[in-house]
Amino acid sequence: MSEQKGKSEGISRKERKLQTAKEEKKKNRPSGKKKPGVKRSAMPGKEVGGEQAASALPAAQSERKPAPRKERSERGASAGRGRASASARPAESNDQAERLSPSERYEKRQSERASAEAAKQASGQKKTKAKRETSASRQPYAGSKAPVSGTDMGKTQSGRVQRDPAAAGKNPYPNGNAAAGKLTAAPADAEQVKVGDRIVVTIKRIGINGEGVGYFRRKAVFVDGAITNEVVKAEVLETQAKFIKAKLIEIEKKSKHRVEPPCPVYGICGGCQLQHISYEGQLIAKLEIVREAFSRYANLSDLKIKPTLGMDRPWDYRNKAQLQVERRDVKGAKSEVIAGLYEIGSHEIVDISGCPIQHPQVNRAIDRVKAVLGDLNIPLSKGDSRGGRGDIKDSGTRKGVRTIVVRNGFQSGEIQVTLVTETADLPRQEDLIERLRLELPEMSGLSVNVNPFKTPLVFGERTIGLWGNEAMNESLGDLNFTLSPRAFFQLNPEQTIKLYETVKAGAALTGKETVVDAYCGTGTIGLWLAPYAAEVRGIEVIPEAVEDARRNAERNGRDNADFFEGEAEDLLPRWAKEGYSPDVIVADPPRVGLDRKFLETVLRTKPQKFVYVSCNPSTLAKDCKVLLDGGYEIQSVQPLDMFPQTSQVECVTVLVKK
């Protein structure tokens, strides 16, 4: 203090005055901080803290403001599922009548995706400020600033310092990613992840819908097309409280089970989900789907599960097709009839001619029916209203065929054709019958089913036979069946025999047991077990199915099998009061699982053995938990692959009374 005083006294009054003025000027100098009042972020064309002002504007204004590139959220929304972004797709005229074939459309989309990705990589090399800056690999950083290259890097959630991989001589992108040697850092918290962000995920398993399931900061991430043990880069499409949905962008570590899908419309039609996985990998994945369900819903993480029963040839197995039809204009011709499934997420029909999981006879029959409908100009419910045949008067004004249904008898060799229409008044019926008989000499019957309502259900209540037999013949093992157009029958006969043999082995009948076949449908499982049981009683709520089951029992000489119309939860207690108590109950319910009242009835009836046939591992595990708590224990679990190339898995679980 005294030293400062001495110094101040040693200078003149004029110098002291000048020094005071300088200090006052310095004190009043602007500090660079924003003054209160109008926010700069609300002023057009201004930037604050490296963020685009467009993000603070109303949507309509921000769209009018030119910008060097779209924000990530816009790119994610425009890209959609498995498509190139709107900006990357070539513009098409609204008046364009030409339509591409499925394979041409697939190739076009693949080319668009590649072009879009190349454009993104090129633009990613430029340093531009955005709402949240990203690394060269477009991986979002945790903050608005990228970490500086060197030793002082941002830390991961675990606190580990992330260093420049190039500095260590390591390449974290084994597939030759252009971003090799660049820093990547993800949001520190899963709740910070936004739509359009790029995240890196290690896939732990396959989900029940065929998607890859991994975790980002302990939150589940679902990525279509990813495989167990792969490390993938994915773009976030949707964020929820408990999960994230993302789109596969790049595979950084590839699974040994990844293969090239043989179908040109795989990923477009939605009929298959696992063609990109080898069949060995599919069987493993389906086993893990069942294991995960029991672990999650029944607390049985160490349950012994048998290997999945698969097929020697997992193609050409479906004996029935139900395809939507449409008349389309095509290049070089006036129109053609196409048949297929609706594209994922749209109402556009994808032509699946030559589908590799349909039996060749089914594909051939579909092609012949399409050709005849086109040649005779039979009205269709889709396509005719916006075109039809220009060379035939009034060809586009009538409602008509909406669905072609073809069933092939693997054993009988018969073909059954059913046309689902909006009206029973189908024109040129005699010509239609004559042409189809010529084109399909193995056709045993032709019918029209009338469904005038807009509904996801294929069939209506009324079926009219146009020609031939009302029902077709088919067999399973030594059982013979007659199948009407609406009758349910297993779609994979080869695997159905394995399924029924598994049920028989699980029931372990000696010829003295009484068996109840709940949810019996047309009675196929009950009839399969009847020769090995003292008595079989089937229960089904649909009257027509009960009648079919009784006819099938009579036709096959199963005198000890009878079938009853009603609810199992009503009939079982009534039979118990009459002194009837089954030794074995077999249940094959729909995907929603067993009715709660039915489960309570089973626990009251207490059969020695319960054989559960399920097509949904989640509801299977939940129902088994109820039975386990009620005094049963699991004896065996056997997954079966009834539908190769899809994510569906059948499972036979045997429970015994403790």
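Visitor: What is the volume of the largest cavity?
Guide: In this predicted model, the largest cavity has a volume of about 60 Å³.

Visitor: Which residues are the closest to its centre?
Guide: The largest cavity is lined by 13 residues, and Leu323, Ile352, Ser353, Asn363 and Ile366 are the closest to its centre.

Visitor: And which elements give two or more residues to that lining?
Guide: They are β8, residues 320-330, and α7, residues 360-375. Of the elements, α7 gives the most, with 5 residues.

Visitor: How many cavities of 30 Å³ or more does the structure hold?
Guide: The structure holds 2 cavities of that kind.

Visitor: Let us change topic. Which residue does UniProt list for "active site"?
Guide: The unreviewed UniProt entry lists Cys615. Cys615 is in the loop between β21 (609-614) and α14 (617-629).

Visitor: Is Cys615 buried or exposed?
Guide: Cys615 counts as buried because its relative accessible area is 18%, and buried means under 20%.

Visitor: What does Cys615 touch?
Guide: Leaving aside residues up to four places away in sequence, Cys615 touches Pro589, Pro590, Arg591, Val649 and Glu650.

Visitor: Which residues come under "binding site" in UniProt?
Guide: For that feature the unreviewed entry lists Gln490, Tyr519, Glu540 and Asp588.

Visitor: Where is Tyr519?
Guide: Tyr519 lies in the loop between β17 (514-518) and α10 (524-529).

Visitor: Why does Tyr519 count as partly exposed?
Guide: Tyr519 counts as partly exposed because its relative accessibility is 26%, and that class runs between the limits of 20% and 50%.

Visitor: What about Asp588; where is it found?
Guide: Asp588 is in the loop between β20 (584-587) and α13 (596-605). Beyond residues up to four places away in sequence, Asp588 touches Ala518, Tyr519, Ile525, Val613 and Glu650.

Visitor: Now the aromatic rings. Which residues form a cluster with Tyr519?
Guide: Tyr519 forms one aromatic cluster with Phe598, Phe610 and Tyr612. The count of aromatic pairs comes to 8.

Visitor: Which charged residue lies over the face of Trp575?
Guide: Arg537 does, at 4.8 Å from the ring centre. Lys622 lies over the face of Tyr297, at 4.7 Å from the ring centre.

Definitions and conventions: Residues are numbered from 1 along each chain as its sequence is written. This is a predicted model: local features need pLDDT of at least 70, side-chain atom pairs count only at pLDDT 80 or more; totals for chains, interfaces and linings use all residues. Side-chain values use heavy atoms; hydrogens and water are left out. UniProt positions are given in the numbering used here, feature names are shortened, and annotations may be inferred rather than shown by experiment. Helices (H or I, at least four residues) and strands (E, at least two) are DSSP runs, numbered from the N terminus. Buried means under 20% relative accessible area, exposed over 50%, partly exposed in between (1.4 Å probe, protein chains only). Contact means heavy atoms within 4.5 Å. Rings of Phe, Tyr and Trp (its six-membered ring) pair if their centres lie within 6.5 Å; planes under 30 degrees apart count as stacked, over 60 as edge-to-face and the rest as tilted. A charge sits over a ring if NZ of Lys or CZ of Arg is within 6 Å of the ring centre and within 35 degrees of the ring normal. On a 1 Å grid over the protein atoms alone, a cavity is a set of points where a 1.4 Å probe fits but cannot get out, and a pocket is an open set with protein on both sides within 12 Å along at least five of seven lines; lining residues have an atom within 4 Å of a point. Grid points are joined across faces, edges and corners, and a volume is the space filled by probe spheres set on the points.
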